[in-house]
Amino acid sequence: MVESVDPRVEEVQHAGGGIDAGHGFPYGVPFEGSLNDGPGFVGPDAPTEADLYRCVHCGLCLSACPTYVETRLETESPRGRIALMKAVHEGRVGISDRLVSHWELCLQCRACEAVCPSGVPYGRLMEQTRAQVRDNNSQSPELSRLSQLFLRAALPHNNRLRLAGRLMRLYQKSGAQRLLRRSGALKALPVALGSMEAQMPVMGDRFFSPRSTVSTAHGEWRATVGLLSGCVMPMMHGDAMRAAVRVLQRNGCDVVTPTDQGCCGALNLHAGDLEVGRQMARRNIDAFRAAGVEFVITASAGCGSSMKEYGELLHDDPDYAASASEFADNTRDITEFLADLPLDPPQSEFNRRVTMQDPCHLAHAQRITEAPRKILRSIPGLQLVEMAESALCCGSAGFYSLIQRDMSQRLQGRKVGNALAAGADIIASANPGCMAQLDQGLRNAGSDMSVKHVVEILDAAYQLESP
Amino acid sequence: MANSDFLDQLRAIVGDEYVIDHREDLLVYEYDGSVDRSMPRAVVLPANTDEVSRVMALAYEAGITVVGRGSGTGLSGGAITPPDGLQVAFPRMNQILEVDSVNRTALVEPGVINLDLDNYVRKFGMRYAPDPSSQRACSLGGNIAENAGGPHCLAYGATTNHVIGMEVVLEDGEVVYLGGQAREATGYDLRGAFVGSEGTFGIATSILVRLLPTPESVRTFLGIFPDIDSACTAVSAVIGYGIVPAALEMIDALSIKAVQNVTDAGYPNDAGAVLLIELEGLHEEVEEVTRDVESALWDTGAADVRIAEDDAERERLWVGRKTAFGAFGTIAPNYYLVDGVVPRTQLTQMLRKVSEVSERYGITIANVFHAGDGNLHPCMLFDAREPGVMESAMAAAAELMQECAALGGTLSGEHGIGLEKKEFMPLVYEDEDMAAMQRVREAFAPQNRLNPGKIFPDGSYYRPSPHPASHTAALYA
């Protein structure tokens with residue numbers, strides 16, 4: 001016989017009792033003792049018992065989870081991650097590096113939430129858990145460094161972001177990057193920095209900027225809308241932002257882009273930096289309220305998902321609870337808004353094969369999958385072909401691709417493989433992170449397929465109309 | 001053998017990554033879909049039959065018990081592993097090895113997900129019929145262990161009717177074959193004995209399943225009734241017409257409310273009960289039987305009869321049925337599900353008993369079940385934080401199981417006995433019956449090293465303590 005692994009096993013072997021004894025156990029008492037003493041979760045933003053125990057560990061989330069599908073390990077599944085949260089909550093275990101590693105491998109894609117029959121708010125649980133990890137100083141060093149660098153030092157500050165963007169553009173377009181890459185000098189960088197260089201977002205040629213003037217509706221007026229400019233999207237995907245303004249105008253909207261708006265705070269919230277995330281939310285609520293718009297539109301699925309949750313985020317804030325909830329109710333993803341309007345279909349033919357990649361924060365967090373397809377199908381000549389696993393995360397997931405390189409690349413390869421197999425000319429998306437990730441994946445695969453935002457495709461079709 | 005040597009040898013077989021022995025990681029392998037919980041000594045995830053065989057031989061030599069686990073969605077504690085036991089989990093063995101569209105069979109590994117197989121073979125105009133409500137997550141290996149059912153088993157039979165042959169690893173690591181390519185085996189049907197043995201006979205490592213052609217025509221009815229009695233009468237009337245629907249499901253008022261809280265499945269909020277009936281077959285056949293179904297429903301007092309107009313509407317009706325148990329979370333934080341079966345003619349009688357028990361114990365009970373084959377799923381809804389309520393729920397469950405047995409039925413239609421119901425076995429079997437069953441088990445596993453402590457009563461049944469993590473109850477039926 002093998003010796004017992006744990007002295008506690010010995011004592012539980014002999015417990016038991018008849019059916020009427022009330023508390024007998026099949027194999028003695030299940031393991032209830034502490035692994036290492038933990039105080040449980042603490043503070044006002046701790047995951048609640050009501051949310052945690054809504055999970056009845058049925059396992060229906062497993063097959064929807066990208067990290068479970070890739071690893072086949074329960075520790076890397078939504079059900080497993082919640083079980084670990086419960087264990088902390090119950091004081092059976094403290095927040096350890098091992099637990100944190102399982103939580104940090106989560107992409108926060110929320111595919112599990114969309115298929116959960118019990119309605120477990122997994123996204124909220126994971127954000128709150130990450131906040132606990134952050135407050136406990138238990139983040140992995142990689143996430144902690146990135147948090148310092150981006151979440152607090154850059155994202156909340158429009159001018160610093162712009163400056164960083166310009167420097168990156170200069171580095172990328174001037175030939176310095178090519179030169180440095182060829183010289184091998186980058187290899188001298190510490191691994192983390194080198195990896196960040198390789199993953200550096202590619203800046204667009206022309207940035208998009210919010211402006212104080214209104215872009216006026218063409219034709220009959222239908223609505224006045226505010227457009228979120230955001231943080232990296234106007235720098236990486238300026239073309240998509242300008243296309244967004246044009247298609248809104250084309251569909252009868254006055255478009256306002258308030259100049260005092262900023263980043264939506266989604267990345268801070270996902271990383272558990274609730275404090276700064278809330279400040280960023282308040283700034284946008286103020287900016288768009290002052291602009292007096294009916295709807296707040298975003299072309300970034302990740303931003304829309306967070307903005308629609310501002311009400312929940314600020315429900316304890318006496319000054320902002322009401323306006324946050326109103327802001328959330330009036331937020332629309334641009335594909336959702338156009339499909340509901342409904343949009344005016346383009347008149348000319350746009351003869352391309354397009355496959356839709358469902359961004360997680362559109363399909364799972366906002367449950368929007370039909371709207372972008374409705375827009376694409378409204379374009380004459382466009383052939384919509386579906387790829388396999390179109391709603392399985394592409395591995396971008398905000399900072400994830402910088403911190404979890406291996407998993408991110410596995411998912412990128414899987415997604416690009418599925419897209420290529422669909423045999424399309426263009427991958428349509430609706431989120432800047434996915435677009436960058438897919439673009440990079442396609443280039444790595446040596447493919448000339450392009451990645452466009454749904455509104456860029458719509459805009460291109462409108463451009464073909466005879467004047 | 002020291003434990004560390006044992007673990008080292010396991011790692012040598014499957015690789016470091018796939019032996020899990022850290023206590024913090026094992027926290028996620030101590031549960032399945034049921035109320036029970038126990039942390040194994042270690043978990044191993046083999047990649048092929050050879051690895052399974054070597055792992056089993058190693059454990060056998062070391063005197064360690066082994067419990068198999070598919071996706072951990074079971075509702076009777078089948079995958080719960082004792083603290084000194086080794087859990088062998090199959091998520092990595094998830095390949096569909098072969099599909100034979102002429103003979104209509106598929107050869108699969110045990111970790112293949114039920115719905116994945118069905119979706120895959122639909123490309124070839126075939127289907128895998130057993131469809132447990134957890135089919136999106138549950139594995140075929142687990143389906144075999146529990147002889148899983150599902151709504152469409154009314155017409156097509158449970159898992160055992162769809163398994164032709166298996167490669168099985170026995171407790172000492174020996175690899176044997178049960179059944180074969182042919183539809184009928186000569187001699188004893190060992191394959192039949194194996195299916196539903198709840199992991200106590202051996203571990204299936206590859207499985208040859210039967211596929212059916214997809215039906216030419218499918219029609220789904222929603223029969224809306226003012227109360228559950230008239231709905232029960234309708235069940236008998238439908239069957240009385242000589243119709244064998246592909247599925248015949250009952251959803252009571254409380255369950256309708258729960259479902260409609262989460263998603264609009266198209267069930268009317270003011271109905272006393274609805275019947276979900278599906279016909280399948282040749283186009284003309286379905287047309288003809290449709291009239292009979294409609295008459296049966298109208299004649300027994302249906303307030304309305306609707307027919308799904310397209311696939312989307314049919315899908316919506318089924319989503320409501322298949323997610324009902326999850327939706328109970330909107331009514332109460334906890335529930336406990338009984339899986340009893342009664343002869344169809346006793347349904348009305350049994351449901352009256354359910355309602356009487358519910359009143360007497362002061363516990364809300366919802367009913368969503370396979371009416372066509374008399375497989376009830378009375379589901380007790382409660383808040384386990386209230387003192388004493390868990391004990392009441394368990395006592396109520398015991399009474400319901402006793403009533404099922406008294407009405408000529410049995411304890412479990414499709415979830416298995418496992419830990420959860422083992423103490424109730426004497427309600428339906430004499431000691432001699434159970435001794436005979438144990439002798440069959442001895443023929444497969446003489447040392448009783450596979451999933452011991454399940455199925456047969458030994459006075460150790462576990463009542464979950466009022467502890468938040470351990471009283472969340474069964475979800476799918």
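Predicted model: local features only at pLDDT ≥ 70, side-chain atom pairs only at ≥ 80, totals over all residues.

Visitor: Why is chain B called as compact as a globular protein of its length?

Guide: The globule rule is 2.2 Å times the number of residues to the power 0.38, and the radius of gyration is taken over C-alpha atoms. For 477 residues the rule gives 23 Å, and chain B has 22 Å, which is close, so the chain is as compact as a globular protein of that length. Its C-alpha trace spans about 70 × 60 × 45 Å along the principal axes.

Visitor: How many of its residues are buried, and what makes a residue buried?

Guide: A residue counts as buried if 20 or more other C-beta atoms, placed from the backbone, lie within 10 Å of its own. Of the 477 residues in chain B, 58% are buried.

Visitor: Which domains is chain B divided into?

Guide: An automatic or database domain assignment sets the bounds: domain 1 (3-91), domain 2 (96-213), domain 3 (217-327) and domain 4 (330-418).

Visitor: How do you know that domain 1 and domain 2 of chain B are in contact?

Guide: Two residues are in contact if their C-beta atoms, placed from the backbone, lie within 7 Å. By that test, 17 residues of domain 1 of chain B are in contact with 21 residues of domain 2 of chain B. On the domain 1 side, α3(B) gives the most, with 7 residues.

Visitor: What makes β15 and β16 of chain B edge strands?

Guide: Strands (E, at least two residues) and helices (H or I, at least four) are DSSP runs, numbered from the N terminus, and two strands pair if DSSP finds at least two bridges between them. The open sheet has 7 strands in the order β15-β12-β14-β13-β17-β18-β16 (chain B), with antiparallel pairing. β15 (304-307) and β16 (334-337) of chain B each pair on one side only, and these are the edge strands.

Visitor: How many bridges join β13 to β17 of chain B?

Guide: There are 2 bridges between β13 (residues 247-252) and β17 (residues 364-369) of chain B, which meets the cut-off of at least two. I251(B) has V368(B) as its bridge partner in β17(B).

Key: Residues numbered from 1 in each chain as written. Chains lettered and ligands numbered in written order. Buried ≥ 20, exposed ≤ 12 C-beta atoms within 10 Å, placed from the backbone.
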